[in-house]
Amino acid sequence: MLLVNLFGLALIGLIIWWFWLYRPEQVDADSTAITVRVEHGVYQPAHIHLPPDQSSVLSFERVDESPCAEMVLFPELEISESLPVNRVKTIRIPPLKSGEYEFHCQMQMYRGKLIVSD
């Protein structure tokens, strides 16, 4: 009984860490083209720093065959694209004002953010 309770507490801690405490590494775009790998339930990189007022190209490489990884949505930019498995999908991002723009799968399990600033 004690082991079951300890396992349950560890599982709760893992869920809290994954959904609320985990902060992926931020990648600065030294160019206007970045490749985002979709694998193991995450986007890598998930936090992408972009310069303002410049268009960018994000290339999504989906390795994860999970149905949740099938789509990527940029709600504030009104962009919705399907991601084929083991192929690269290029998405053009228009010039953006400073701010943060989230992107995610259709169920919001895979999450990322574009951080636009100088």
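Q: Where is L50 placed?
A: L50 sits in strand β4; helices (H or I, at least four residues) and strands (E, at least two) are DSSP runs, numbered from the N terminus. The model is a predicted one, in which local features need pLDDT of at least 70 and side-chain atom pairs count only at pLDDT 80 or more, while totals for chains, interfaces and linings use all residues. Residues are numbered from 1 along each chain as its sequence is written, and side-chain values use heavy atoms, with hydrogens and water left out.

Q: Is L50 buried or exposed?
A: L50 is buried, with a relative accessible area of 2%. Buried means under 20% relative accessible area, exposed over 50%, and partly exposed in between (1.4 Å probe, protein chains only).

Q: Which residue stands opposite L50?
A: V116 in β10 stands opposite L50. The two strands, β4 and β10, pair in the parallel sense over four bridges; strands are said to pair if DSSP finds at least two bridges between them.

Q: And the faces of β4, which residues are on each side?
A: H47 and H49 are on one side, and I48 and L50 are on the other.

Q: What about the core: which residues touch the most other members?
A: In the largest nonpolar core, which has 25 residues, they are Y43, F60, F74, I93 and L114. A nonpolar core is a set of buried Ala, Val, Leu, Ile, Met, Phe, Trp, Tyr and Cys residues joined through side-chain atoms within 4.5 Å.

Q: Which elements give two or more residues to this core?
A: They are β2 (33–39), β4 (47–50), β5 (56–62), β6 (71–74), β8 (88–93), β9 (99–104) and β10 (111–116). The most comes from β2, with three residues.

Q: What is F60 in contact with?
A: Leaving aside neighbours within four places in sequence, F60 is in contact with V36, V38, Y43, V72, F74, L83, R87, V88, K89, I91 and F103. Contact means heavy atoms within 4.5 Å.

Q: Changing topic, where does C68 lie?
A: C68 lies in the loop between β5 and β6, and is buried at a relative accessible area of 10%. Not counting residues up to four places away in sequence, C68 touches C105, Q106, M107, M109 and Y110. The C-alpha atoms of C68 and Y110 are separated by 7.9 Å, although the two residues are 42 residues apart along the chain.

Q: How many salt bridges does the count come to?
A: The count comes to four salt bridges, a salt bridge being a side-chain nitrogen of Lys or Arg within 4 Å of a carboxyl oxygen of Asp or Glu. Side chains of opposite charge can pair when their charged atoms come close.

Q: Which residues are linked in a network?
A: R37, E39 and E61 are linked in a network of salt bridges. The closest N and O atoms of E39 and R37 are 2.8 Å apart, and E61 meets R37 at 3.3 Å, N to O. The latter pair links distant parts of the chain, with E61 in strand β5 and R37 in strand β2, 24 residues apart. R37 is partly exposed at 30% relative accessible area, and E61 is partly exposed at 27%.

Q: What does K89 form a salt bridge with?
A: K89 forms a salt bridge with E81, and their closest N and O atoms are 3.3 Å apart. K89 counts as partly exposed at 24% relative accessibility, and E81 is partly exposed with a relative accessible area of 27%.

Q: On the backbone, which peptide bond is cis?
A: The bond from Q44 to P45 is cis, with omega near 0°. P45 is in the loop between β3 (42–44) and β4.

Q: What is the phi of H40?
A: Phi of H40 is near 55°, a positive value in a residue other than glycine. Most residues other than glycine have a negative phi, and most peptide bonds are trans. H40 lies in the loop between β2 and β3 and counts as exposed at 67% relative accessibility. N86, also not a glycine, has a positive phi of about 60°; N86 lies in the loop between β7 (79–82) and β8.
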